[in-house]
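Reader: Could you walk me through one part of this model in detail? I'd like the aromatic rings and what surrounds them, with the cut-offs spelled out.

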Amino acid sequence: METPLWTLWWAWGAAALLLAIVEVLVPGFVFLGFAIGAAAVALILLTSGMTPGLPLLLLIFAALSLAAWLLLRKVFALPKGQVKTFDHDIND
């Protein structure tokens with residue numbers, strides 16, 4: 001019987017790399033959270049040796065992605081109530 005693709009650690013690692021590349025092209029820390037979640041799932045599959053089903057893997061991915069996104073938002077967000085404004089042009 002062939003191993004399903006979603007239980008292979010390298011598939012999650014490749015997804016993490018692809019999401020990280022998308023984050024570089026479309027900044028905003030959204031895809032970076034997903035990339036961190038996918039990399040964490042890849043690391044779990046690589047180190048644990050277990051092969052959970054797709055629903056459990058997606059639940060782990062979603063929970064870790066959400067946690068990573070919340071952490072990134074807390075670390076890199078502007079202080080509450082502060083707005084980023086630009087008062088000069090880069091070409092001046």
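Author: Let's start with burial: a residue is buried when its relative accessible area is under 20%, exposed when that is over 50%, and partly exposed in between, using a 1.4 Å probe and protein chains only. Trp12 has 10% relative accessibility, so Trp12 counts as buried. Phe61 is buried too, because its relative accessibility is 17%.

Before going further, some ground rules. This is a predicted model, where local features need pLDDT of at least 70, side-chain atom pairs count only at pLDDT 80 or more, and totals for chains, interfaces and linings use all residues. Residues are numbered from 1 along each chain as its sequence is written, and side-chain values use heavy atoms, with hydrogens and water left out.

As for confidence, pLDDT is the predictor's own score for each residue, from 0 to 100. The chain averages 87, and 97% of the residues score at least 70. Among the elements, α1 has the highest mean pLDDT (94) and α3 the lowest (92). Where pLDDT is low, the predicted coordinates should not be read in detail.

Now the rings. Rings of Phe, Tyr and Trp (its six-membered ring) pair if their centres lie within 6.5 Å; planes under 30 degrees apart are stacked, over 60 edge-to-face, and the rest tilted. You'll find two aromatic pairs in the structure. One of them joins Trp12 and Phe61, a tilted pair at 5.5 Å centre to centre with 50 degrees between the planes. That pair links distant parts of the chain: Trp12 sits in helix α1 (residues 9–25) and Phe61 in helix α3 (residues 54–76), 49 residues apart. Helices here are DSSP runs (H or I, at least four residues), numbered from the N terminus. Bring in Phe34 and you have a cluster, with ring pairs linking Trp12, Phe34 and Phe61.

What about helix α2? It covers residues 30–48, so to speak 19 residues in the run, and its buried residues include Gly33, Ala35, Gly37 and Val41. The buried residues of α2 pack against α1 and α3, with contact taken as heavy atoms within 4.5 Å. Just after α2, Gly49 takes a positive phi of about 80 degrees.

Finally, there's Trp69, found in helix α3. Trp69 is partly exposed, because its relative accessible area is 30%. Leaving aside residues up to four places away in sequence, Trp69 touches Phe29, Val30 and Gly33. Trp69 and Phe31 are 38 residues apart in sequence and 8.7 Å apart in space, C-alpha to C-alpha.

Technical notes:
Helices (H or I, at least four residues) and strands (E, at least two) are DSSP runs, numbered from the N terminus. The expected span of a helix is 1.5 Å times one less than its number of residues.
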